[in-house]
Amino acid sequence: MNVNGRLLYIDPFSGVAGDMFIGALLDLGLDQAKLHYELAKLQLSGYRLSAKSVMRGAMSGTKFDVEIDASVKTYRNYSDIKKIIADSALSQRVKEQSLNAFAVLAQAEARIHNLPLEQVHFHEVGALDSIVDMVGACIGLELLGVNEVHCGPVALGSGGYVKCDHGLVPVPAPATLEIMKDIPLRKTSIEKELTTPTGAALVKALVKQFGPLPPMRVEKIGYGAGTRVEQPVPNILRVVLGTVEAAESTGDSILEISANIDDATPETLGHLSDLLLSAGVLDVFFTPIQMKKSRPAAMLSVLAEEHQLDVIADLIFRESTSFGLRYQKQSRLKLARKSISVETPFGSVKVKLGEWKGQLVSIHPEYDDCRARAAEKGVALREVIDAAKAAARAAR
């Protein structure tokens, strides 16, 4: 585990939904007024936020609600939602996380209904309250200073049916189950919908690692209440906020996904690379190769987290001429990383530090910061980079 800063651990012993997620963050101390201020950047109207302390069985938690005016539009399509978020004044981090969460949901809906991605129409999930829940959860993580999210096994609900815009569907809902592929699940006998598609999409898009509660210094514990008052297990989402020090060295596993692509222009390959990076993969690169009949081609290589495989495959098959791809799990070692800000004669610069077995082995000033300081002061980029490295060494 390589976290240097605040970690949020989600314990979905009774499932997870968007309103429960935000309720738990409010219970941790998220400022509701600041949340409302940030949500206003979506330029959406016709809703009110409320939160109150309630009991669910023997446990108390915060119940968060989005009250919608009756005249408000009830659904939007995927393109509508992407434009609303992209055109907003929200931070880049919140935009990226929100768009990733809606992309996860859209991919699931497209597969279930056998539709092209851009033709997916959200109903309950595209409603205003669900947009507020999805984006609000991402805002909450930023306002609380959360650097990384981990999660335990997720309870989905077992058996029974839930009513949606398309009629009765089995529990877990098809979209929820589709999203939760490759994610650890918790056995439950409760015949109710415990995890909603919105909650599932947030988990899939935000969580870096699944497993038990990691070693951490616990600061606060928050409880977000669901709608149901009576059920054998309290309808509560528990989250734990704390800090974790970066390990001296760390290892994990990732997927390496490859595809041979011919008959593609450089512009097409560049576009595919941009889409993959926007989807949150770790790295993308191309290698010149030769295919059958001596055709020059490119081998696409993508490094990504395991849960991203479906999204990556969809992009490759939709945006390239490849008829197949290969993937394998790769073990890797990583430097323990952390970011600091240093003061140089040219201004403040963020610097990424890499440690191996407790020793500083890499100092990497952020290029955008260095470029901006160089332009402001009319000096060479190299001067700013050297100054930032020297300041980082002195700070150590």
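Predicted model: local features only at pLDDT ≥ 70, side-chain atom pairs only at ≥ 80, totals over all residues.
**View 1. The hairpin of strand 2 and strand 3.** Strand 2, which covers residues 47–56, and strand 3, which covers residues 59–68, pair in the antiparallel sense, and ten bridges join them. Where the pairing is followed to Tyr 47, the residue that stands opposite in strand 3 is Ile 68. Two residues lie between the two strands of this hairpin, and Gly 57, which is in the turn, has a positive phi of about 65°.

**View 2. Strand 1 and the two strands that pair with it.** Strand 1, made of residues 5–11, is mostly covered, since five of its seven residues are buried. With strand 11 (residues 236–244) strand 1 runs antiparallel, and seven bridges join the two; within this pairing, Tyr 9 stands opposite Val 240. With strand 4 (residues 146–151), in contrast, strand 1 pairs in the parallel sense over five bridges, and here Leu 7 stands opposite Glu 148.

**View 3. Glu 178 in helix 6.** Helix 6 is formed by residues 174–179, and Glu 178 is found in this helix. Glu 178 counts as buried because its relative accessible area is 17%, which is under the 20% cut-off used for that word. If residues up to four places away in sequence are left aside, Glu 178 touches Ala 108, Arg 111 and Ile 112.

Technical notes: Residues numbered from 1 in each chain as written. Heavy atoms only, no water. Pairing = 2+ DSSP bridges. Helix = DSSP H or I, 4+ residues; strand = E, 2+ residues; numbered from the N terminus. Buried < 20%, exposed > 50% of the residue type's maximum accessible area, 1.4 Å probe, protein only. Contact = heavy atoms within 4.5 Å.
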